[in-house]
Amino acid sequence: MSAELWVAILAGAIALSAPLVLAGVGESFVERAGRINLGIEGMMILGAFAGVYVASTAGPWAGLLAGIATGLVLAALMNTVVHRLHANEVVVGLAITVLGLGLSTYLFQVWIPSGQTNVSVETVPRVPVPLLSDLPLLGRILFVQSPIVYATVLLAVAAWAVMRFTRFGLQIRAVGTDPVAAALRGVRTRAVGSNSLLLGGALAGLAGAVITVGTIGSFTPGITAGRGYIVLAIVIMGRSTPVGVALGALLFAFLQSFSLLAQSTGLQLPSEVYQTLPYVVTLIVLVLSSRARVRSVLRKASLA
Amino acid sequence: MNSLRDLDHRRWLVTGGVVLVVLAVAALLILFAGADPLVGLRGLVDGISSSPYRVGELLVGAVPIAIVALTLIPALRAGIFSVGAEGQIIFGAILATGTTLWLATVAGPDLPGPVFWIAGALAGIVGGSLFALLPALLAVRWQVNEILSTLLLNYVAAGFLGWSLRTWLASPEETATPQSEQLPEAAALPTMIAGTRAHWGIALVLLIAIGFILWRRSAGWTRVSVFSSRPKLALRLGATRAGTIYSTMLVSGAGAGLVGWVQVAGVNERLFSSVTGGVGFSGLAVALLGGLLPVGIVAAALFFSALTAGAVGMQSATGTVPSSIAEVIKGVLLLGVASVAAYQRRPAAVVAPSDAVVPVDEEPVPESSPRLHATLPHPPSDTHPHELQPADSGESSR
């Protein structure tokens, strides 16, 4: 394994982590508010399709906006069914995923009937950061990336600040911790829950569009390949904090990038090992982190 | 809760609304693809019923969905959301195929059929159960959320299947798609209706359905139902957390593993990488659609299979409507059913005030996530007397 290859793997990991961080930050707001969005996978893949569809006529930036809009629409639908009709959140989330997967496949097949060549759109170009990109090794890993990656970092920092310092963030945490007490103190629990879900949906849709418009440039049915579920795992592992989410996303993205590029190297392992590695490691980290959590709870209990 | 007392008109209004929305969405999608909805509808009907063979295909498609859905009843009723049927089907199919082929090499391919069937079915059940054991263990020991662990394990199973079909299970012939060797003729499930592919798995579905109808009258059902809303009370009734998680997840794993064998021995007679064909997820949807009632589930499985078969008919009749329209309809349907189920629960709170008790006896269980308990048909949250609580319950335990 040459240094050249490692640079490629790490730079790829940074690029692959962007959609996971975006959707993960959104979901951490949802989970901090005490709810869960199991429809992320559906929102991501429909956003991925809408992104390419719009980008094919209006350019990549419009495609990203279309992804946001798609995620918002699905989140609004989910919000209506869960909050207005009081349907079960888990079932509705899975239904949204089924709907998103089905609709993206259907619309794609109507747009490009089987047999025709897939449409490829212009992706968001990479922008090297002046000066920093000239750093040895690190420059090529961190600072020759798509502007989406830089924006994602800013967004994660902003999310941390919002959660920590703003009224909205405080309200979300209050509702998630004790909805009854929050309501008694005048927090509109429903509105807070809805807003966090809409935010999570918009970011999930954007994350989907980032996968297609940001890097690949075309859509194929099932392109998200369970990354919506990975996001849920990352948010649980990362304890719903932006830093934790980013670390979890980087871990998964690194393994994904590794599995894409390492097959060409000397390690003679079956390709399936590389393909399943990200999922296996995610599961292992999920187990380890929940075990650690149990321990910390036990420690607190013994101190009390 | 299914007694006549609960039939209030609002619920029927919502149900009617769901049906209208589904039809409207279907019509819109067909129009969007530039076809006539009526032509599409005729294609759909033709796709299901134009020949005995088509009807047979409908039944063949419903069998795996129904078995997965039926065996998910205990887990879902206990509020344990196992989404791992896909992976469990794969492991059941791998073990069943391996065992059948091994038996054929050791004892010769001329063994009587029932020997192959029993060995294959048992191997499938063992494979599926073992693969369900892991997420159950993780959930019991470390509170690892079972939705996420089962979802992640599905990818692991798919990888293992791909590797198996390239290596130890690979067909000796040169083939374009990875596949196993063909099963010996005696090992194939015989057809039940001549002129179709409808096999004896249909009888298996009926047996399992009857089994669950009887089980719903047993003490086990009561324990599992109580467990989902009052774990402490369930403990006094003899249902521990570990015992409930292990037993319900093993049942669903066994069912999924059995499906793995049924699909190999009944439909293709060899193992392909596409063995699940999404029936694991469809099974989950059908279990919810059927309201966890065995009869409802069998009907819903037939309906799902009809949608899939009919959509293929629609594709060939219109020429422009992709058959993936069935998947969109399934999603809309599932959304609708979740809404109707919510309405179903409301009168229940009035009729049975015992359901509306605030869950004060829940012990604070350390969780790695907000509790993702599926609580169909009636979770404590929606019968909660005040509106302050968000729709998802369980936060009271954190």
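**Note on the two-chain model**

1. Reading from the N terminus, the elements of chain A follow the order α-α-α-α-β-α-β-α-α-α-α-α-α-α, with 12 helices and two strands; helices (H or I, at least four residues) and strands (E, at least two) are DSSP runs, numbered from the N terminus. This is a predicted model, in which local features need pLDDT of at least 70 and side-chain atom pairs count only at pLDDT 80 or more, while totals for chains, interfaces and linings use all residues. Residues are numbered from 1 along each chain as its sequence is written, and chains are lettered from A and ligands numbered from 1 in the order in which they are written.

2. The C-alpha atoms of chain A occupy a box of roughly 60 × 50 × 40 Å along the principal axes. Of the 304 residues in chain A, 53% are buried, that is, 20 or more other C-beta atoms, placed from the backbone, lie within 10 Å of the residue's own.

3. Between the chains, 51 residues of chain B are in contact with 50 residues of chain A, contact meaning that the C-beta atoms, placed from the backbone, lie within 7 Å. On the side of chain B that touches chain A, H14(B) gives the most, with 12 residues.

4. Chain B is assigned domain 1 (1–33 + 326–353 + 377–383) and domain 2 (59–321), with bounds from an automatic or database domain assignment. The C-alpha centres of these two domains of chain B lie 27 Å apart, and their contact takes 10 residues from domain 1 and 12 residues from domain 2.

How values were computed: Contact = placed C-beta atoms within 7 Å. Buried ≥ 20, exposed ≤ 12 C-beta atoms within 10 Å, placed from the backbone.
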